[in-house]
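Work through the exercises below with the structure open. Try each task before reading its solution.

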Amino acid sequence: MSEQVAFQHIEKSSLIGQRIKKPDAPAKAIGKTRYINDMVLPQMLYGKILHAGRPHAEIIDIDISAASSLPGVHLVITAKDIPDLKLGFVKDNAPLKDKVRCERDEVAAVAAESEAIAAEAIKLIRVTYKDLPGVFSAEDGLKDGAPVIQERFPDNKSLKFEFHHGDLAGAEAGSDIVLDDVFNVHYVTHCCMGTSCAIADFDHNGKLTIYSQTQYPYNYKMDLAPALGIDPGDIRVIQPPTGGSFGAKLDVYPFEPVAAILAQKTGRPVKILFDRQEEFINSPTRQPARIHLRSGCTKDGILTFRAADVLMDNGAYTSWGPTVPVIMMRTTSGHYRVPVVDFTGQAVYSNNAYAGSFRGYGNVQMTYATAQHMDMLAEKLDMDPIEFRLKNAQKSGETTPQKSFLRECALAECLTTAADAADYVAKLKKYTDERSEEGRYKRGIGLASSIHNAGGAKIHKSDGCGTILKMDDYARVTVITGASEIGQGIDAVIGQIVSEELGVPPEHVTLVNNDSDLGPWDVGVHASRTTFIAGNGARRAAIKAKEQILAAASKQANVSAEELDLRGGYVVQDKDGAVVTRLDKMLRQMHFQPEPDVVMVSDYYEPNSEPEGRDHISDHSAAYAHAVHIAEVVVDTFTGEVKLEKITMAQDVGRVINRMGLEAQMEGGVAFGIGFALSEEMLFEQGRLKNPNFRDYKVPTAPEMPEIEMHFIESDCAEGPYGAKGIAELPTIVIAPAIANAVYNATGIRFFNPPMTPEKVARAIWEKTQQ
Amino acid sequence: MSEIEQYLAPENLASALEVMAAGAVTLVAGGTDLTPQINEGRRSYAPTLINIRHIEGLSGISAPDGHIRIGCLTTVSEIRQSDLLTTAAPILCEAANHFASEQIRNAATIGGNICNASPAGDMIIPLLVLGARVELASWKDGGVVVRQVALKDFFTGPGRTVRRDDELLTAVIFARPAENFIGYFRKSGPRPALEISTVSLGIGGNLTDGRFSDVRVAFGAVGPTPMRGKNTEAALEGKILTPDVIQAAVVAARKDVTPIDDIRATEWYRNHLVAVFTEELLQNVCQN
């Protein structure tokens, strides 16, 4: 009884918006976490792949005799040893190749007792190639007589996406200003700390268990099975802790079926783990693009049209990369109020690397163009740059030409909040005036904004997520969710949401989400969707559990369930928090009564959105959000070095859930954006990557991170959990054009071809002085 | 990867040199250059791998009779934190500040950085400005023999030096700079850490009443070896650093260097940075 006296009344409190620690952080910080890269299974063999190392060639002969007879080698396979089964978005890829179409092409594979033996065996494989002339750009791929890369596509044309809305000719005629520019957005890659890895293990019934870094375990089975000739139902996906994904693991790539084939044929578990150089050459890139953008407006500053002609280098095979126009066109049509839209995106096969999905997914590329055009239009109009943007900013309740319904639209608030906080308009004018003055170092300020889906993206027929929730006799909660944890923080968020509803501490919630045999279906971690979709699912499941408990408590206490609540581990009276009974005791009573019951609930949450559709006219996300970044830079006009001093951001997050996780996502997004804007670039020469290492592929280091001032706009999304929207991609999307606009403000030079490396900036400044 | 047949970790110099006299060896100290070169297939191990880290007497910074002596095993971190060098030759500490990252500085040795003979070797530039010599020890007729070579004559090409395979670089030595010595180091690269220089530059000399003398200029990453800038030195020697003299030095510097295009920068940018840095460092000297 004394305990009850101590907690006689428990006030209502909320965890939403608080700072919740990521449950796996301490183990990661002290090195205790066992990543997939660290895993060793009993009797495990080490697989290794021979990559072609040349961009385009016929394979005349492969001599595996020396490799096969090396002691410790169990198996050497080539394309001849496996069925002709395909994988990839248009089934143009294979686990092992009979023809070389790009540098990374998988030509042979070995399974051996150790990594060293496998590496030695790879060296002993003798391949006779006949090199073929190659295609090394989308433009070259379209030329008459260009070498054909994929026999099924004799004109080298891969995917094409179009969206047309309104009278383009009329809109152009009605424009007082028309901009016409070509932006070339470059190759970058994810640089996950954990390099690609898969461990495949068949049981004696022919069922495959694959330990994988995948971020979409359920559809992964569907994509992997055809390459193996087995039923997707015979694949179990286990997701050990992974060192980052960022979109790189949203598809099946050849090393995964290769590991499975080696395991199937040797009857032993097989692990394939890339070293860093392999990771650079053999994992997906961000989709590069040549964006020919035309934008128009009236002299009053009203946008009249946008026309975007996007040409993409498809590379040799088709993964998610060339599908990015699906998002690019939403940006073209929805980044500000654009009455007339003309969008075409065409991918062309080449002998270059091929792209996958990557945080920001097309929007990083498109916003680099649209946000600079907004800046350029404001300057041409000689109009207050915020006033110009506000004139064209959509408001709540508007619908874009593609029928994205902006139920809660906080673009105007994002613009004014960021601009006021950074004193943007005054600084912009001051730095413009200072541009012509003497001096080596020039300051600049730049603003960019964009829109992104913030309530999932219904690219499949369902964009839902399943949740199973159970409570034990000690009031501990287990949540089995379809949502994967790839470092982004859904573990903390689900714990927080469930504890909010059930009145238990977050550390009393255990998350199970790493085994496809246990978890219910989910479409994967992508599209900034997990907090929104899985968070809603977890909340709905928790509410069902709560209703079940309160119904039981209501019977026992003879009070209506509506008058009860769960707080601090107790069942309480909702109105004053008076304790009714302890939660664990209540659960045991439910369990051990004449009609026993335990708390076990499930939920399948399907967001209120429409499938993308072939015509791309659909409300494909249950919410949309905007972000504005303002970058302040100092340019060394002699060396060309751009120092990013500060980012002021305002983003519509709907509602803050885990403030710590939200801030970390913003910081991570900024780091990605800085690399894309200023230093990261995969340098290809005739299809070969020249900088497959961290020495020459320059990811930003800690000292390059600027001060970041964050303003979170809470628009209270009707559909999101507690009002939250998806948040993770926008910070990566808007920073690069903000930096480009700032560099323009400092130097008067537009950079249409990122990254803005010191040499590129110095050269442009020098060339300007020579004119 | 070729097989290592023998691994040795000698504790005294004589036994290391004796093994080196007998046949091909690979030396390892910090391993920060060796390991990536092996991994990238640019180098292979000799049958005998000698870890020289345990050899007594090869580490540390001392100041014998008007000179500074830095043992070959001294790490870049030790140089960076040395009170003696901060006072006597801050240009070395400045270069150490910009060397790779904390972890690499803790492992990388001065002897390794010199013997790796990268045209972009960051510690070599200030040592050239300080007029350093290296001490090379070998085993002959049952005893240790030592010779000294001026650092400016040590390098013969990228990764190549006059050091014979049986010689160990034991120390780098330079005369303690005069009280009125001023030296500056500058390197470029888009990142403040973990950056291979696209251009590095060091300028030093004695400044008396505005007049610059005993001038030494060294360039990195703009030729096959780290090198002294003879034309630049001549343009500056004995001069008061007027704007005209500085411009003449910039012109001379462009003559001294022979950069190439590579993955890190074009010839144009390297030439451009040589001019920018030469002027910048001379302005620093003026403002001193």
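This is a predicted model: local features need pLDDT of at least 70, side-chain atom pairs count only at pLDDT 80 or more; totals for chains, interfaces and linings use all residues.

**Exercise 1. Describe how helix 18 and helix 19 of chain A are placed relative to each other.**

Solution. Two packed helices are described by the angle between their axes and the distance between the axes. Start with the distance: the axes of helix 18 (residues 659-679) and helix 19 of chain A come within 7 Å. Now the angle: the axes cross at roughly 45 degrees. The crossing of helix 18 of chain A past helix 19 of chain A is right-handed.

Last, list the contacts. Helix 18 of chain A contributes residues including Gln665(A), Met666(A), Gly669(A) and Phe672(A). On the side of helix 19 of chain A, the partners are Pro731(A), Thr732(A), Ile735(A), Ala736(A) and Ile739(A).

**Exercise 2. Follow chain A from helix 19 into helix 20, and find what helix 20 packs against.**

Solution. Begin in the loop between helix 19 and helix 20 of chain A, where Pro755(A) lies. A cis peptide bond joins Pro754(A) to Pro755(A), with omega about 0 degrees.

Move on to helix 20 of chain A, residues 758-770. Its 13 residues reach 18 Å from first C-alpha to last, close to the 18 Å expected. The buried residues of helix 20 of chain A are Pro758(A), Glu759(A), Val761(A), Ala762(A), Ala764(A) and Ile765(A). Within chain A, these buried residues pack against strand 26 (624-636), strand 27 (642-652) and helix 19 (730-747). They also pack against helix 11 (267-287) of chain B.

**Exercise 3. Decide for Tyr336(A) and Asp141(B): buried or exposed?**

Solution. Take Tyr336(A) first. Tyr336(A) sits in the loop between helix 10 (325-334) and strand 15 (341-349) of chain A. Its phi is near 80 degrees, a positive value in a residue other than glycine. The relative accessible area of Tyr336(A) is 0%, so it is buried.

Now Asp141(B). This residue is in the loop between strand 6 (133-140) and strand 7 (143-150) of chain B. Asp141(B) is not a glycine, yet its phi is positive, about 50 degrees. At 77% relative accessibility, Asp141(B) counts as exposed.

**Exercise 4. Classify Thr209(A) and Val579(A) by accessibility.**

Solution. The cut-off for buried is under 20% relative accessible area. Thr209(A), in strand 10 (residues 208-212) of chain A, has 15% and so counts as buried. Leaving out residues up to four places away in sequence, Thr209(A) touches Ile199(A), Ala200(A), Asp201(A), Arg236(A) and Ile238(A).

Val579(A), in strand 24 (residues 579-582) of chain A, has 17% and so is also buried. From Val579(A) to Ala57(A), the C-alpha distance is 76 Å, across 522 residues of sequence.

Key: Residues are numbered from 1 along each chain as its sequence is written. Chains are lettered from A and ligands numbered from 1 in the order in which they are written. Side-chain values use heavy atoms; hydrogens and water are left out. Helices (H or I, at least four residues) and strands (E, at least two) are DSSP runs, numbered from the N terminus. The expected span of a helix is 1.5 Å times one less than its number of residues. Buried means under 20% relative accessible area, exposed over 50%, partly exposed in between (1.4 Å probe, protein chains only). Contact means heavy atoms within 4.5 Å. Axes are lines fitted to C-alpha atoms, for helices over the stretch in contact, and angles run from 0 to 180 degrees between N-to-C directions. A crossing is left-handed if the near helix is turned anticlockwise from the far one by less than a right angle, and right-handed if clockwise.
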